Amino acid sequence: MPLYLNDDQTMLRDAARSFMAEEGAIAKQLRHWRDRNCKDGFGHGLWKQFAGLGFTGILIDEAQGGLGLGHVEAGIVLEEIGRNLTPSPFLMTAVAFVEAVKDTPHAERWFPGILAGDTVAAIAVDEGPRHRPDTIAMRAERSGNGFSLSGRKQFVVQGASADIILVAASTEEGPTLFAVGKGAPGLEVEGVRLADSSIGARLTFDRVGVDADAVVGEVGRGADILARLLGAGRAGAAAELVGVGSAAMDMTVGYLKQRKQFGRLIGEFQALQHRAAHLYSELEIARAATLKAQQMLDESSAGAEAMVSVAKAKAGHSATLAVQEGVQMHGGIGMTDEYDIGLYMKRDRVLNELFGDPAFHADRLARLKGY
Amino acid sequence: MSDSEAFRGEARAWLEANCPAEMREPVRDETDLCWGGRDLVFKNEAQRRWLERMAERGWTVPDWPERYGGGGLSPAEAKILKQEMARIGARNPLTSFGISMLGPALLKYGDEGQKSRYLPEIARGEIRWCQGYSEPNAGSDLASLQTKCEDKGDHWLVNGQKVWTSYADKADWIFCLVRTDPQAPKHHGISFILFDMKTPGVSTKPILLISGSSPFCETFFDDVKVPKDQVVGEVNKGWDVAKYLLGHEREMISGMGLAGQAGAALGEVLRDAVAADPVLRADVARFDVDAMAFRAMSERFIDELKAGQAHPAQPSMMKYAGTELNKRRHELVMAAGGSDALEWESDRSRRGKAAREWLRTKANSIEGGTSEIQLGIIAKRILELPGT
C-alpha cells in the first residue's frame with residue numbers, strides 16, 4: 001500500500017476539512033463553549049452532525065451500521081479536529097471505545113447511540129499524573145454475580161459527560177476492562193477543567209457494584225483489549241497532534257509573510273526562515289510516521305505497536321515545536337488570549353500527555369526493541 | 001499470475017543462477033565496491049563476473065532504455081528487481097556517479113549522439129566519471145563559479161580550478177560546470193561540459209580529510225581543449241542541467257542515512273553498551289523514534305515521487321533531515337563505543353572504522369548543498385517565504 005492517501009481517503013479528507021473549518025471552527029466551538037463555561041466542554045449539536053456525516057461510525061462494521069473503515073480514515077478526521085481545535089468526543093468515543101468493545105456484546109448495546117450521535121463514552125485508564133497503563137491499582141473484587149470496583153482514576157477525558165465509562169481494573173485473574181454506566185452508586189465524578197479548557201474528570205470508585213456482563217471480553221484477559229484500545233487512541237492522538245502542529249505552522253508562516261519590522265517582512269530574515277523550514281521538515285516526518293502507524297494498525301502488522309509509539313512520540317515532539325515556534329514568532333500578540341496561536345499551545349500540551357508523552361513512547365519503543 | 005509476479009519469479013531465478021556467492025556478502029568497506037573505469041582492477045573474479053552478467057542483462061541501470069545499455073524495466077519492475085536483490089543480499093554490481101548523477105541528466109538533456117556515446121559506457125562500467133562543480137570561491141554560492149570556457153571556433157578552451165571533486169584522481173572523464181558568458185547574470189552564463197581527464201592541461205591533487213582518507217581532489221584546468229560536441233544542453237543554459245542533477249545527488253545523499261541499516265533500530269545494535277547507562281539509552285531511544293519516523297518519510301517520499309505527487313523541492317527536505325539524522329547516529333555510535341571507538345589504526349578497531357565513518361558523516365550535511373542551503377530552499381520554494 002503506498003504511503004499516501006488513496007482517492008477515497010482524499011475525498012474524505014476534503015469533506016472533513018471543509019466541514020471542520022466551517023462547523024468546528026475555533027470561534028464557533030472552542031471559544032463558544034469555553035466562554036459559556038460549559039460543563040461538557042463540547043457541543044452535542046456538533047456531535048450529532050458528526051453522526052450525520054458518518055464520522056462516528058468510521059470504525060464500526062458495515063453490518064453493525066457503520067462505515068467499516070479503518071484507522072487511516074479515523075486519523076483523517078482527527079487531523080482536521082486538530083487543525084481547528086474542535087472539542088469533540090470523537091477520539092474517546094468513536095475511536096478508543098469502539099475499538100475496545102467492537103467484538104463484544106457491548107457493541108450491540110452502545111453502537112446505535114454512537115452512530116446516532118447521542119452517546120458519549122469515556123476511557124478511564126490513568127491513575128496518577130503520568131500514563132502508566134502497565135500498573136493498574138484499581139481493584140475489582142468478585143461480589144455476588146458481579147464485581148465490586150474500588151480505586152481512583154484521573155485524566156478521564158469527557159468523563160463527566162459520558163454515558164458509559166470503560167474502566168481498566170485488576171482482578172485476581174489479571175487485568176480486566178469494565179463498562180460502567182453513569183450514575184453508578186459509589187462512583188464519584190469530579191469534572192475538572194484542563195489547561196486547554198477541555199473537561200477531564202477525576203473518578204473515585206468506592207465499592208461500585210457492577211454485573212458480570214459489565215466485563216468487556218473475558219475476566220483477566222483485558223491486556224489484549226487494552227492494548228488495542230491504546231493503539232487506536234495513540235495513533236488517533238498522533239493524528240490530532242499533526243493537525244494541531246500543521247495549523248500552528250500555517251498560521252505562523254502566514255504571519256511571517258505579513259508582519260513588518262525594520263521596514264521589511266520578518267519572513268525575509270534567515271534566522272526565522274531556517275527555523276520555519278526545520279519545523280516543516282519535522283511535521284512532514286511526523287505525518288508520514290503517523291500514516292505508517294495507521295496503515296500498520298489497519299493491516300494488523302506485527303510491528304504496529306512499535307510504529308504507533310514512534311508516531312505518538314514524533315507527532316508530539318513536532319507539534320510542540322510548532323506551537324512553541326508559533327508563539328515565539330508571533331511575538332507579543334502570541335501571548336494574548338485574543339489570538340488563536342496560544343490555544344494551539346495549550347491543546348498540544350494536553351494531547352502530548354494523553355495516552356503517553358514522547359518520553360513514555362521512546363522508552364516503550366526501546367523496550368519493544370529489547371534494550 | 002500477474003505480470004509483476006511473473007517478473008519477480010524470473011528475476012529471482014536469474015539472480016539465483018547468476019549472482020556469485022561472494023557478491024551476496026555484506027560490503028565490508030570501500031574496497032568491496034566496484035566503481036568501474038578504464039583502469040579497473042577487479043578485487044576478485046566474482047566481482048568481475050557479477051558486473052559482466054548484470055551489464056549484459058542491462059540491470060546495472062534497470063530502468064534505462066535498452067538501446068542505451070539499460071534493462072528497459074518499468075519503475076514497478078525495477079522496484080521488484082531491487083527487492084529481489086535485497087532478498088539475497090546481492091551487492092550493487094557497480095557504484096557510479098555516471099549512473100546516479102550524469103546518466104539521468106544525459107537522458108533528459110543530452111542529444112542523441114551524446115546519449116548513444118556515453119550511456120552504454122556508463123551502463124557497462126567502462127568509464128568512471130567525476131563531478132566538477134564546486135570551486136574555491138563557489139561553494140554554497142555555486143552559480144558564482146568562475147572556471148572559464150571560451151569558444152575558439154573549432155574547440156572550447158577551459159581554464160580554472162575545481163575543488164571537492166570526488167575521486168577526480170581515479171576518474172576517466174569529468175562532467176563540469178563552466179562559465180561561457182562572463183557578461184550574463186550569474187545563472188545565465190553557465191554551461192555543462194564533458195571531457196576526458198587525460199586531456200592535456202588537466203591535473204588533480206588529492207585533499208587529505210579529517211577522516212584520514214582522500215575521496216576529494218583539487219582539479220586544475222590549464223588551457224584544456226574540448227571538442228565542440230561535448231556541451232550538454234544549450235550553451236549558457238547549463239544551470240538547468242546542474243539543478244536537475246543536484247536533485248538526483250540530494251536523493252542519493254539523503255538515502256545514505258538509510259543504507260545498510262536494514263531496518264534495525266540503533267538501540268538493538270548498541271544494546272550492551274547502553275544497558276548500564278540510562279541517559280545514553282534515552283538518547284538512543286529518542287534517536288530511534290526519529291530514525292523510524294524518517295524511514296516512514298522516505299517510504300512516503302519514494303511513493304509520492306513515483307505517483308508524481310512529491311513537491312519538486314521535497315528532495316531538499318529529505319537531504320536535510322536524512323543527513324542531520326546520520327550525523328546524530330554516528331555521534332551515538334561513538335559515545336556507545338567509548339574509548340574502544342577512538343582507536344585509529346588497530347586491527348581490533350578495524351583500522352578505526354567507527355571513528356573514520358563518524359568523521360565522514362560530517363561531510364553529509366555540507367556536500368551536495370549544505371543543510372543551510374536546503375533550509376533556504378524549503379523556506380522559499382515550499383513555504384514561499386519572501387526574500388532573495
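# Close-up views of a predicted two-chain model

**View 1. Helix α11 of chain B and its buried residues.** In helix α11 of chain B, which runs over residues 353-361, the buried residues are Ala355(B), Trp358(B) and Thr361(B). Because these residues cover an arc of only 125° around the axis, they are placed on the same side of α11(B). An α-helix has 3.6 residues a turn, so residues three or four places apart point the same way. Among what covers the buried residues of α11(B) is α10 of chain B. The model shown in this and the following views is a predicted one.

**View 2. Helix α6 of chain A, its buried residues and what they pack against.** Helix α6 of chain A, residues 106-116, has His106(A), Trp110(A), Phe111(A), Ile114(A) and Leu115(A) as buried residues. They cover an arc of only 140° around the axis, and they are therefore put on the same side of α6(A). The packing partners of the buried residues of α6(A) are, in chain A, the helices α3 (44-52) and α5 (90-101) together with the strands β1 (121-124), β4 (164-171), β5 (174-181) and β8 (215-216). After α6(A) comes Gly117(A), a residue whose phi is positive, near 75°.

View 3. When residues up to four places away in sequence are not counted, Val167(A) touches Ala124(A), Met138(A), Leu149(A), Lys153(A), Leu177(A), Phe178(A) and Val180(A). In soluble globular proteins, nonpolar side chains tend to be buried together.

**View 4. The contact between chain A and chain B, seen from the side of chain B.** The contact between the two chains takes 33 residues from chain A and 36 residues from chain B. On the side of chain B that touches chain A, the elements giving two or more residues are α7 (266-269), α8 (271-275), α9 (278-306), α10 (314-337) and α12 (371-382) of chain B. The element that gives the most to this side is α9(B), with 16 residues. By class, the residues on the side of chain B that touches chain A comprise 21 nonpolar, 4 polar and 11 charged.

**View 5. Domains 1 and 3 of chain A where they touch.** The domain assignment divides chain A into domain 1 (7-120), domain 2 (124-219) and domain 3 (223-368). The centres of domain 1 and domain 3 of chain A, taken over C-alpha atoms, are separated by 21 Å, and 19 residues of domain 1 are in contact with 26 residues of domain 3. The elements that give two or more residues to the side of domain 1 that touches domain 3 are α4 (71-84) and α5 of chain A, and α4(A) gives the most, with 10 residues. This side of domain 1 has 11 nonpolar, 4 polar and 4 charged residues.

View 6. Arg221(A) is found in the loop between β8 and α7 (222-256) of chain A, and it counts as partly exposed because it has 16 C-beta neighbours inside 10 Å. Leu177(A) lies 44 residues from Arg221(A) along the chain, while the C-alpha atoms of these two residues are separated by 8.5 Å. Arg67(B) has its place in the loop between α2 (45-57) and α3 (75-87) of chain B, and with 11 C-beta neighbours inside 10 Å, Arg67(B) counts as exposed. Between the C-alpha atoms of Arg67(B) and Leu119(B), which are 52 residues apart along the chain, the separation is 9.3 Å.

**View 7. Chain B as the setting for the views above.** Chain B has 12 helices and 8 strands. Its radius of gyration is 22 Å, close to the 21 Å that the globule rule gives for 388 residues, so chain B is as compact as a globular protein of that length. The C-alpha trace of chain B spans about 70 × 50 × 45 Å along its principal axes, and 41% of the 388 residues count as buried. Among the contacts in chain B with a separation of 6 or more, residues 24 or more positions apart account for 70%. The domain assignment of chain B gives domain 1 (3-95), domain 2 (129-236) and domain 3 (257-382), and the centres of domain 1 and domain 2 of chain B, taken over C-alpha atoms, are separated by 31 Å.

Conventions: Residues are numbered from 1 along each chain as its sequence is written. Chains are lettered from A and ligands numbered from 1 in the order in which they are written. This is a predicted model: local features need pLDDT of at least 70, side-chain atom pairs count only at pLDDT 80 or more; totals for chains, interfaces and linings use all residues. Two residues are in contact if their C-beta atoms, placed from the backbone, lie within 7 Å. Helices (H or I, at least four residues) and strands (E, at least two) are DSSP runs, numbered from the N terminus. Ala, Val, Leu, Ile, Met, Phe, Trp, Tyr, Cys and Pro count as nonpolar, Asp, Glu, Lys and Arg as charged, and the others, Gly among them, as polar. Domain bounds come from an automatic or database domain assignment. A residue is buried if 20 or more other C-beta atoms lie within 10 Å of its own, exposed if 12 or fewer, and partly exposed in between; C-beta atoms are placed from the backbone. The arc is that of the directions from the helix axis to the C-beta atoms. The radius of gyration is taken over C-alpha atoms; the globule rule is 2.2 Å times the number of residues to the power 0.38.
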